[in-house]
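Let us walk through this structure one contact at a time. Keep the model open as you read.

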Amino acid sequence: MNEEVPQSGASSFFCVRERKVIMSSEWLSVAEIFGEDVFNDAVMQERLPKKVYKKLKQTIEEGKELDLETADVIAHEMKEWAIEKGATHYTHWFQPMTNVTAEKHDSFISPTGDGQVIMDFSGKELVKGEPDASSFPSGGLRATFEARGYTAWDPTSPAFIKDQTLYIPTAFCSYSGEALDKKTPLLRSMDTLNTQAVRMLHLLGNDTVKRVSATIGPEQEYFLVDKDLYSRRKDLIFCGRTLFGAPAPKGQEMEDHYFGALKPRVSAYMHDLDLELWKLGIPAKTKHNEVAPAQHELAPVFDTANIAVDHNQLTMEIMKKVAEKHGLTCLLHEKPFEGINGSGKHNNWSLTTDDGVNLLNPGRTPAQNTQFLIFLMAVIKAVDDYADLMRISAASAGNDHRLGGNEAPPAIVSIFLGDELTHVLESIENDTYFGKQEKIQLDTGAPVLPHFLKDNTDRNRTSPFAFTGNKFEFRMLGSAASVATPNIILNTAVAESLDQFYEELKDTDPADMDEAVHALLKRAIQKHKKVIFNGNGYSDEWVKEASRRGLDNLESTPDCLERLLTAKSITLFTKHHIYTEEEIRSRHDILLENYVKTIAIEARTMVDILSRDFLPALLSYTGAVASSTSSKKALLPDLKTDAEEALVRKLSNCYEILADGVQDLKEQLAKTEKEEDLKRSAFLGRNLLIPSLKHLGTAASEAEALIPENLLPYPSYDQLLFSL
């Protein structure tokens, strides 16, 4: 789990000292290889003229416009650096609304007219690209024939070298200026949050702060399976998850995999993964086995939201590429296997000022820390006011299998604060004194072990949004998702809370500010305390209690997506210039369409596997058992064959159930795909296809358990989960 403290300045280039790793029988310094493929601040200082470097830093830190002449100098030095590292091409790397990245590669060559070429790269090519925008998801923002789109260099995220190509992080927009990506709204939300946070701090008397940045540390869960076994599972290839499978004799019930010793093949993979990530300046910090067999986790050090999102996209890509080199496949689906835990992505979020203060750090006396309490309540208010949007940020067909399954938070959005902070808020609400809480020394009972101070609060793994000391951990996200959307929503919602708080306090006389802040906090606590829950989020009692409190339980993706189109949601995003109304509607349609397409692909894959692979294998084995039974009876009429005959009947019954189920699924799929209305199609998928997939999956799993493993047309759960 990621327990790193968000650092001041949120630098993306931390320094590792006195630590060595072994690679190819040679000792290498991590400090030397870290960021070696990144055009980072150190490289820019070394290669750029001082005047150019200063202008670029002003663009990065203050948002000042960069002139083309300066861009030309930067482009030249960036190109020279890249060529020295073996690069022959450059690409504008962007994040369309697909959860994966996109890139178009152009070489540096420029013909000279005499049959020769020079290597050239201009400021114009650095600043602007022009990929075809017609085939990316647009949710109706663009027609197919409207092909032109633009990529714009994001100087706040450093360029890097990968696969002999210079990668330039960029935003992506249409010819008419609509955002077609996830980076543009994220940058807008970061700017909005900065504006609202800074003016609130100034109002509270903190005049030295010039900038506030959202910092995040996204923990990434994943599965590793043998590549050869993966290649024989059509469901894993096409759907990212197994659609059925008889459970292995052992799952996770012994609780021996979590934090267990790394197996040699997995350890070698993790070692190489760390090296590749470190070269790209990605501060991979923690690695360990997760709860389920074959499941693992990687967590980075905190970084500014924009860079952390870029890094997480790169991390998922590098995870898969390194796995290939080790004869493995990395699975990022939220629920690859039934009966064991699925994978999530924990979004650790905090706020850091340019002078090094973590605004969510309670300090030694949280009850007296006005600044902390204002920002704490801004977050609580934001999550309560926009819980439906938080739920939407974690919505997908894959994650619907995981949420609320006693392995992940429920679909009900609530906040865990812990006892001390809850008592602080109660004291404010009730106008009672909250005394300073002394740290308690933990005595383990073993004299040889050192005594140490306990934290002020326990941790709650069942909470979807938990305060964990100096940050909030949003735990609902699915492992395959981009972390851009939840941070766009969180940044914007908190900015709105701060805006409302500012409007309430702005005309207050400084002498009366403490009293006014206390009154504001009291009103906010009374209104929003319903979202605070420190208990067991997995319990049935909490579902009932949440309903009594008026908290939504939006269990499926179609249930929650309509909330994106409410007047309240549209007002939030348009007020703060995060999305236009058209951009909001496009995102709604894209999410809904992805849901429909995902379930349809799963249905078609289920039909294909059962019809072409499993049912023939089942029929063949049934025939073999029936033939063997008949031969025995013919040779030895008095021989008892009740068990064999019962098995034949059971196998035959399984065949009929599955064959009928396949036909029903085909008809339901045709009905769903025939529906032209996207919303109705999504609900048809939820109400028809998903129950049929579950029914067929259960039936196929039961039938599979009757067939010898060597006769199965695909690898079993036993092999997939325990072969490493």
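A salt bridge here is a side-chain nitrogen of Lys or Arg within 4 Å of a carboxyl oxygen of Asp or Glu. Arg47 and Glu84 form such a pair, with their closest N and O atoms 2.9 Å apart. Glu84 counts as exposed because its relative accessibility is 56%. Bear in mind that this is a predicted model.

How many salt bridges does a search of the whole structure find? It finds 47. Another one joins Asp163 to Lys321, and here the closest N and O atoms are 2.6 Å apart. Asp163 sits in the loop between strand 9 (160-162) and strand 10 (165-174), while Lys321 sits in helix 10 (residues 305-325), so the pair ties together parts 158 residues apart in sequence. Asp163 is partly exposed, with a relative accessible area of 44%. Lys321 is partly exposed too, at 31%.

Now turn to helix 20 (residues 581-635). Arg612 forms a salt bridge with Asp608, with 3.0 Å between the closest N and O atoms. The two residues are four apart in this helix, which means that about one helical turn separates them. Arg612 counts as exposed because its relative accessibility is 60%.

Salt bridges also join up into a network. Arg199, Glu496, Asp499, Glu503, Lys506 and Lys575 are linked in this way.

Next comes strand 13 (residues 295-300). Is it mostly covered or exposed? Strand 13 is mostly covered, with six of its six residues buried. In a regular strand, side chains alternate between the two faces of the sheet. Both faces of strand 13 are covered. Gln295, Glu297 and Ala299 are buried on one side, and His296, Leu298 and Pro300 on the other.

Which strands pair with strand 13? Strand 11 (residues 212-226) pairs with it in the antiparallel sense over four bridges. Gln220 has Leu298 as its bridge partner. Strand 12 (residues 284-289) also pairs with strand 13 in the antiparallel sense, over five bridges. There, Asn289 stands opposite His296. The hairpin of strand 12 and strand 13 has five residues between the strands, and in it Ala294 takes a positive phi near 75°.

Ile109, Val117 and Met119 make a nonpolar patch of about 240 Å². Ile109 lies in strand 5 (residues 109-111). Ile109 counts as partly exposed because its relative accessibility is 46%.

Conventions. Residues numbered from 1 in each chain as written. Predicted model: local features only at pLDDT ≥ 70, side-chain atom pairs only at ≥ 80, totals over all residues. Heavy atoms only, no water. Patch = residues over 30% accessible without salt bridge, like charges linked within 9 Å, V, L, I, M, F, W, Y side chains within 5 Å. Areas by Shrake-Rupley, 256 points an atom, 1.4 Å probe, with all protein chains shown as cover. Buried < 20%, exposed > 50% of the residue type's maximum accessible area, 1.4 Å probe, protein only. Pairing = 2+ DSSP bridges.
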